Amino acid sequence: MLNSLDIAKPAYATRVVVAMSGGVDSSVVAALMAEQGYDVVGVTLQLYDHGAAIHRKGACCAGQDINDARRVAERLGIPHYVLDYEERFKAAVIDRFAQSYAAGETPIPCVDCNRHVKFTDLLETARDLGADALATGHYVSSRALPDGRRALYRPVDADRDQSYFLFATTQPQLDLLRFPLGTMTKPETREHARRFGLSVADKADSQDICFVPTGKYTAIVERLKPEAAEPGEIVHVDGRVLGRHEGIMRFTVGQRRGLGIAAREPLYVVGLDPAGRRVLVGPKDALATRAIGLRDVNWLGDATLRPGEAIDCFAKVRSTRPPKPAVLRATAGGLEVELLDGEEGVAPGQACVLYDAAEGPARVLGGGFITRPAATLRTPAAAPLHAAL
């Protein structure tokens, strides 16, 4: 007999480590696991110096959130540990964040936090604690496959879908992870929190970039990668120099506002040249992208693609966009994605996550980080601005 976590043990003999961030979602997971009779251990990670963020509404993994997690654990009567992961978090997330901006990319720190800290270091800690499973408050689902492996799926609550940020979860990690909120909506989660009498029932959701106390990421990037704040030219894709900027870190592909230049037509950032410190701008049609390359690919599908092979799928190139029809191709140089309907503003550094369906509880097939969106740059031969992209 399998218990509710698909583990062949009675609940009381199954140790579940719950990653408790201090928010309502992970707190409810801990409460549900305790209610079902599991041997629950709560673990909270202190990820960064919380001095500046301790009183900021919406911060996570620091200050008040740690205290909230501790109080929830006390109410549930479960052991609770706070682990200092600041050094690991800085190396794996904050430093990578700054490096990515300096390279002309638009990073996703939540993905790096999940794959390098929560699902690597914390997973090892869970194993050291004798855990049969590590449960989190992410809105995503996993289910067992006929061969015993587990697959990752979009959750019931499409508005809370976090599968985009979890594409880098490896198969061994997925086999140990459990996501109890995948079958719930956010209002249902809050109702459970009220039912359990948790003090965090109406607590605001955490913000995406938890380690930016002021909301201004440029201060962090400039401190760690000062070259990203060096001034340079704003150049039209036809070769005209339109103005100056104060650092490529202030721009992302697809951006329209805050360019600091006057033009007769709406202009968008269509590319960044970190080596030349140039921001490339152009009309909206210059954002059109139909093919992208991927790096650091994590594949969760059933079949391994060999060079020359291709599969139909659905690709999501931004966390706020829906999956759209695509073809994934394996080449000698790696994996490439053809976006059948095209996309605008595809930015290097963002993730391209692949699904087996466009809607519903689609299965996550994997994904990777975008390296080279094939934007339509109309630069004349005399000014090959796109050569460095």
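This is a predicted model: local features need pLDDT of at least 70, side-chain atom pairs count only at pLDDT 80 or more; totals for chains, interfaces and linings use all residues.

Where does Arg277 lie?

A: Arg277 lies in the loop between β10 and β11. Residues are numbered from 1 along each chain as its sequence is written, and side-chain values use heavy atoms, with hydrogens and water left out.

Let's look at the residue itself. Arg277 has a positive phi of about 55° although it is not a glycine. Most residues other than glycine have a negative phi. With a relative accessible area of 35%, Arg277 counts as partly exposed, a label for values between buried (under 20%) and exposed (over 50%), using a 1.4 Å probe and protein chains only.

Now for the strands on either side. β10 and β11 run antiparallel and are joined by five bridges; two strands pair if DSSP finds at least two bridges between them. β10 is mostly covered, as six of its six residues are buried. On to the next neighbour: β11 (residues 278-282) also runs parallel to β8 (residues 232-236), with three bridges between them. There, His236 stands opposite Val281 in β11.

Stepping back, these strands are part of an open sheet of four, in the order β9-β8-β11-β10, with mixed pairing. Its edge strands are β9 (241-245) and β10 (268-273), each pairing on one side only. From one strand to the next, the twist averages 30°; angles here run from 0 to 180 degrees between N-to-C directions, with axes fitted as lines to C-alpha atoms, for helices over the stretch in contact.

Asp296, in strand β12 (residues 288-299), has a positive phi near 50° and is not a glycine either. Asp296 is partly exposed, with a relative accessible area of 42%.

An open sheet of five strands has the order β3-β2-β1-β4-β7, with parallel pairing. β3 (80-84) and β7 (177-178) stand at its edges with a single partner strand each, so one side of each is left without a neighbour in the sheet. Inside this sheet, β1 (residues 15-19) is joined to β2 (residues 39-46) by five bridges, and Val18 stands opposite Gly42 in β2. Helix α1 (residues 24-35) packs on the sheet, touching β1, β2 and β4 (133-135), and its direction makes about 165° with that of β1.

Another helix to find is α3 (residues 86-102), which has 17 residues. Its buried residues, including Phe89, Val93 and Phe97, pack against α4 (109-128) and α7 (217-224); contact means heavy atoms within 4.5 Å. Just after α3, Gly104 also takes a positive phi, of about 80°.

Ala151 is found in strand β6 (residues 150-153) and counts as buried at 2% relative accessibility. Not counting residues up to four places away in sequence, Ala151 touches Ser141, Ser142, Arg143, Leu145, Leu174 and Arg363. Ala151 and Asp302 are 151 residues apart in sequence, and their C-alpha atoms are 9.5 Å apart in space.

To return to where we began, Arg277 sits in the loop between β10 and β11, and β10 is an edge strand of its sheet.

Technical notes. Helices (H or I, at least four residues) and strands (E, at least two) are DSSP runs, numbered from the N terminus. The expected span of a helix is 1.5 Å times one less than its number of residues.
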